[in-house]
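Please keep the structure in view while reading.

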Amino acid sequence: TRSVSQRFPAISPAVMALAQNLEDPKFEVVRIGNSYYRKLVVDENLKFKCEENRRYYEEEEEDEEGELDDQLAYEGDEWVFRMEMPAIFHKFIVGSRARNKQKLEMESGCKIVVPKREELEDAVYLRARQKQQIYSCKALIELLCEKEEAKLEYTHFISVPLAHDDKFRQLVDQFREDVVLQRFTGIDASIFMPSRRMHFTLCMLKLHSHAQVEEMKEALNDLSARLSATSDYGRPVAAHMRGLHIMTDDPTSVGVVYTTDRSSALQNRLNALADNMFELFQARNLVSSQSLNSQRVLSSDGQHAEVKLHATLMNTKYARSRFEERSSERETFDASVLMERFGQVDFGSVQLKEIHLSALDEMGDDGYYRCMASIPLSGS
């Protein structure tokens, strides 16, 4: 048996006619079952105060301009907004059996139109009768995509090339040959970084559309303008690469060996650069604070850049990726004797000339990561 509320749904006061709203109310008697009731007789042309108020609020809502209003188009009886995003995010919006899409539409009151997979369009379309529904849906989609972004692979990174220095490359190659000849357990030539790819990484990026890559190029141009206006820009930047270092405190279980310049002067200069860079990237939604935190390139309070400068010399991941699945556990080796014999190796000083937007899985003709864009690190 249905409850009273199910049989007779509640009527909003905004649309319900009440006797006190009329100057001379008239009633008629109606019979329902064995009972008689008075029914208010309402003229169809009668205007209620509540109707006037409702129109007032609707007009007020229409008069309020939002940040997206100039991007909205009115088609038929509804507003349409083209929300740009990489096509790779479409699967997250739709979800299993379209459940995510249905939930988003129910919560926002907005219809979501996702282009067909073969169209490869970097956008979705939001359609609603009220602008606020589109704003609400857009916010929900942004939150969902930010959460799901962690599942996507990195595609690009910001690098400071070291491989352009011939002398540095020769010393790195010599180091590899000397170590391989020692025949240390767990170490062979396959785990060494090719000298033509040596670099510092400032941050990793997930750019899954041509539009995002173009946006990143514009952000780098803005960064270049900022750098050229600083007092440091006129001074050359150099890194003295020496010593072997590991990521953990246990030399008996090592996956990565790197070299670096540990001087505070270089660290401070590149952190100041990274502060500007991260601010520009976040302003354009090219990287999130969540992503930067997960990469450990921010201070503990998340307010400042703390980039760990390291040029990878050896990484067991390189050998593993050729033979095993990426999901397999990283192999390690005992680097105790390596650190004892080669720990003080000196690779000399390298001029840091440029910052590159590098493609992660593509190589250029020179053997370095394909450069999508570059800006000078200093004016000298």
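The buried residues of helix α8 are covered by elements that include β7 (156–161), β8 (199–205), α7 (210–228), β9 (238–246), α9 (289–294) and β13 (354–363); contact here means heavy atoms within 4.5 Å. The model is a predicted one, in which local features need pLDDT of at least 70 and side-chain atom pairs count only at pLDDT 80 or more, while totals for chains, interfaces and linings use all residues. Residues are numbered from 1 along each chain as its sequence is written, and side-chain values use heavy atoms, with hydrogens and water left out.

Helix α8 itself comprises 20 residues, 264–283, and spans 28 Å from its first C-alpha to its last, close to the 28 Å expected at 1.5 Å a residue; the expected span is 1.5 Å times one less than the number of residues. Its buried residues (under 20% relative accessible area, with a 1.4 Å probe and protein chains only) include Leu 266, Leu 270, Leu 273, Met 277 and Phe 281, and also Arg 269 and Asn 271. Just after the helix, Asn 285 takes a positive phi of about 60°.

Asn 285 also belongs to the lining of the second largest pocket, where Asn 285, Glu 84, Met 85, Gln 212 and Arg 284 lie nearest the centre among 30 lining residues. A pocket is an open set of points on a 1 Å grid over the protein atoms alone, with protein on both sides within 12 Å along at least five of seven lines, and lining residues have an atom within 4 Å of a point. This pocket holds about 970 Å³ of space, a volume being the space filled by probe spheres set on the points, which are joined across faces, edges and corners. At least two lining residues come from each of β4 (78–84), α5 (131–148), α7 and α8.

The structure also holds one cavity of 30 Å³ or more; a cavity is a set of points where a 1.4 Å probe fits but cannot get out. Among the residues lining the largest cavity are Glu 149, Tyr 154, Met 204, Leu 286 and Ser 291.

For the chain overall, the secondary structure comes to eleven helices and 14 strands, which are DSSP runs (H or I, at least four residues, for helices; E, at least two, for strands) numbered from the N terminus. Buried residues make up 38% of its 380 residues.

Notes: Buried means under 20% relative accessible area, exposed over 50%, partly exposed in between (1.4 Å probe, protein chains only).
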